[in-house]
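The following note sets out points on strand pairing and helix packing for the structure shown below. Please read the points alongside the coordinates.

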Amino acid sequence: MCAHVLVAEDDAMQAELIRRSLLAEGHTATVVHDGAAALDAVRRSRPDLVVLDLMLPVIDGFGVCRVLRRDDDIPVLMLTARAGEDDVLLGLELGADDYMTKPYSPRELMARIRTVLRRSGRTGADRRDGPVVRAAGLAVDPERHEVRCDGEPVECTPAEFQILMAMAAEPERVFSRRQLLQCTRGFDRASTERAIDVHIMNLRRKIETDPRRPVRLLTVFGVGYKLSGGHA
């Protein structure tokens with residue numbers, strides 16, 4: 001089961017914990033921190049599921065869920081510290097597929113996500129077409145495990161694919177080596193942070209016209225790497 005999950009959570013530490021748990025399960029994740037950004041990310045990346053905190057700034061989780069249910073059928077798993085029955089009922093009435101109250105264990109959250117994906121039929125085994133993530137001239141297809149660069153196929157190792165998938169889902173985001181290393185867990189157990197530099201070098205050979213002068217896969221000195229060019 002491989003899915004692309006949008007995490008809309010204004011608590012950066014909670015969001016990072018969820019993102020790491022998703023990567024460990026073999027999923028990919030996009031993280032946003034307010035409701036307006038969540039709706040924009042849904043339009044751009046077409047996730048398989050939205051993990052939605054109710055207490056978001058700009059547009060709260062109820063408002064996001066209301067728009068999603070008006071325009072789409074993407075499954076929604078709501079998270080909140082508000083455990084009142086009225087809040088639960090309102091979330092479910094708006095169309096949330098499941099509802100978890102904080103605090104929760106990451107293992108329970110991942111189990112709920114698996115259940116919602118299975119029920120919705122949005123798993124790798126059940127969907128004929130996966131959510132192709134497009135950015136910087138790249139098309140990364142998790143369903144077929146394929147990458148295209150300017151329309152041409154690119155052969156990637158499993159670790160390289162996971163790195164590209166994570167970076168294409170969040171173009172312009174700077175990833176540290178440690179964060180990229182998390183993307184390869186389960187695919188490249190022997191990998192180290194230094195090995196990420198080798199993966200990046202190999203990817204540049206495959207997607208850059210001149211690997212010595214990259215324009216897509218850029219180094220941010222002292223921090224890490226980013227995929228530049230925005231969503232296609």
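Contact here means heavy atoms within 4.5 Å. The model is predicted, and the points below should be read accordingly.

1. Geometry of the pair. Two packed helices are described by the angle between their axes and the distance between the axes. For helix H7 (residues 177-184) and helix H8 (residues 193-207), the axes come within 9 Å and cross at roughly 80°. Because angles of 65 to 115 degrees count as roughly perpendicular, H7 is roughly perpendicular to H8.

2. The antiparallel sheet. An open sheet is formed by 3 strands in the order E10-E12-E11, with antiparallel pairing. E10 and E11 are its edge strands, each pairing on one side only. Strand E10 (residues 175-176) is joined to strand E12 (residues 224-227) over 2 bridges in the antiparallel sense. Within this pairing, Phe175 has Tyr225 of E12 as its bridge partner, and Ser176 has Gly224 of E12.

3. The hairpin. Strand E11 (residues 217-220) runs antiparallel to E12, and 4 bridges join the two. Leu218 stands opposite Lys226 of E12. The hairpin of E11 and E12 has 3 residues between the strands, and Gly222 takes a positive phi near 80° there.

4. Helix H6 (residues 158-169) lies across E10, E11 and E12 and runs at about 65° to E12. H8 also packs on this sheet, where it touches E11 and E12, and its direction makes about 145° with that of E11.

5. The parallel sheet. Which order do the 5 strands of the open parallel sheet follow? The order is E2-E1-E3-E4-E5. Strand E2 (28-32) and strand E5 (98-101) are the edge strands, each pairing on one side only. From one strand to the next, the twist averages 20°. Strand E1 (residues 4-8) runs parallel to E2 and is joined to E2 by 5 bridges; the bridge partner of Val7 in E2 is Val31.

6. Helix H3 (residues 61-71) lies across strand E3 (49-53) and strand E4 (76-80). The direction of H3 is at about 170° to E4.

Note on methods
Residues are numbered from 1 along each chain as its sequence is written. This is a predicted model: local features need pLDDT of at least 70, side-chain atom pairs count only at pLDDT 80 or more; totals for chains, interfaces and linings use all residues. Side-chain values use heavy atoms; hydrogens and water are left out. Axes are lines fitted to C-alpha atoms, for helices over the stretch in contact, and angles run from 0 to 180 degrees between N-to-C directions. Angles under 35 degrees count as roughly parallel, over 145 as roughly antiparallel, 65 to 115 as roughly perpendicular and the rest as oblique. Two strands pair if DSSP finds at least two bridges between them.
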